[in-house]
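Please look over the sequence and the three-dimensional model below before reading on. The briefing that follows is grouped by topic and is meant for a reader who is new to this structure.

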Amino acid sequence: MADGRAAQRALAVIGAATAGVVAFRALRCAAWWAYLRCGPVLADKYKGEYAIVTGGSEGIGLGIASALAARGVNLVLISRSDDKLSKAAAHLKAEHPGVAVVTVAADLTAGGAVGKVTKALDRAGVRDKCSLLFCNAGGGLTRAALYHEFSDKEEEAVRKLNGDATYALVREFLPAMRARGRGYVVCTSSLIVKMPWARLSTYYLEKVKVNGLATVLQAEQDATGSGVGVQAHALGAVVTPALVSFVAPDAAAAARAGRPAIGWEREYVRPSFLMPSAGDVGEWMLRAMGKGGSAVVTPHPGHALAEALVSDVALALTWPGCLRRAVARRFAQTWEPK
Ligand SMILES: NC(=O)c1ccc[n+]([C@@H]2O[C@H](COP(=O)([O-])OP(=O)(O)OC[C@H]3O[C@@H](n4cnc5c(N)ncnc54)[C@H](OP(=O)(O)O)[C@@H]3O)[C@@H](O)[C@H]2O)c1
């Protein structure tokens, strides 16, 4: 009898602690949402200057570019395809007539890509006007596999696009920002770093490095009072062509062939609070710049809530280990070759 009461009390204490942690985290998310919604937006200070956006021709990069253009920031868009760049530039200029858009077609995984970018910026006469750098192009994972199953070529492609290209761009453009005493660098990262699920290892490793880069660079800017800021923005799932290609390849192929998507993907790969559109995320990324007191932040409220409720302390307290392992196994099976 006494044992039963002790167990009940222990359960009540665990339940209360769990509810407390969840409530605290949910409240912290609400405060973060309010701060981003109502607080000042750093990008407003860069009106009339230039922002470099890699992968700016579609997906999240285009979302960031649209949000910048809406604030009067001029743009340098970088991606491989001239076609996509021209379409994106035409769309942005039509929506925001006062904004200048320079496009640079370059494969950031190719040798000499950054040199090609700087030459194009010199030709356009805008190199010394670039105060913002969004190292956003990334992903590149074409299939899910265990770490040792990825070929050297596959591993290298993900590393070059997410990691190496980011380092090279930062090394090229950060010194000029420091010399001017103003500027901001944002690297697009992923919440995968909090949830290292099986079969996505190469991508996970590169995003961990990107978070580390932002953290150490911000520490260096603080230590030297440079006036420049650096952040990594850890995003959850966002509806973009890359996401659709990865989770619903048939729908992506149908869209490329001009056929409407059919089947479950129409229902599930569409914007929602937890999986927002690229335009929505671009706007929240601008709102988060320079906020959060940390070099690694999660700007979108849906992603921040998902992070708060499934990771760290909440995860440890609210989810028993066996349940966590079962969920991780279930996700791993999602990517298992059929
Ligand atoms: N979508 C998500 O759910 C999600 C979640 C978390 C983090 N992220 C991160 O967000 C970033 C953007 O992802 P996204 O989903 O928007 O991707 P996306 O829809 O595939 O867009 C990728 C952009 O990058 C360009 N690009 C691709 N490879 C390139 C290369 N080698 N050199 C230069 N440009 C290249 C593409 O244009 P071209 O094809 O013309 O080159 C396109 O403009 C990535 O860093 C990704 O890791 C995405």
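**Briefing**

Gly59, Ile60, Leu62, Gly63, Ile64, Ser66, Ala67 and Leu68 in H2 are in contact with Ala278, Gly279, Val281, Gly282, Glu283, Met285 and Leu286 in H10, where contact means that C-beta atoms, placed from the backbone, lie within 7 Å. This is a predicted model, in which local features need pLDDT of at least 70 and side-chain atom pairs count only at pLDDT 80 or more, while totals for chains, interfaces and linings use all residues. Residues are numbered from 1 along each chain as its sequence is written. Helices (H or I, at least four residues) and strands (E, at least two) are DSSP runs, numbered from the N terminus.

**The helix pair H2 and H10**

- Helix H2 (residues 59-70) packs against helix H10 (residues 278-288) at an angle of about 55°, and their axes are 7 Å apart; axes are lines fitted to C-alpha atoms, for helices over the stretch in contact, and angles run from 0 to 180 degrees between N-to-C directions.
- H2 is therefore oblique to H10, given that angles under 35 degrees count as roughly parallel, over 145 as roughly antiparallel, 65 to 115 as roughly perpendicular and the rest as oblique.
- The crossing of H2 and H10 is right-handed, a term used if the near helix is turned clockwise from the far one by less than a right angle.

- Strand E5 (residues 183-190) pairs with E6 in the parallel sense over eight bridges, pairing being called if DSSP finds at least two bridges between two strands.
- Within E6, Gln231 is the bridge partner of Val186.
- E6 also runs parallel to strand E7 (residues 296-297), to which two bridges join it, and in E7 the bridge partner of His233 is Val297.

**Two individual residues**

- Arg199 is found in the loop between E5 and helix H6, and its phi is near 80°, a positive value in a residue other than glycine.
- Arg199 counts as buried because it has 22 C-beta neighbours inside 10 Å.
- Lys119, found in helix H4 (residues 113-124), counts as partly exposed because it has 14 C-beta neighbours inside 10 Å.

Methods: Two residues are in contact if their C-beta atoms, placed from the backbone, lie within 7 Å. A residue is buried if 20 or more other C-beta atoms lie within 10 Å of its own, exposed if 12 or fewer, and partly exposed in between; C-beta atoms are placed from the backbone.
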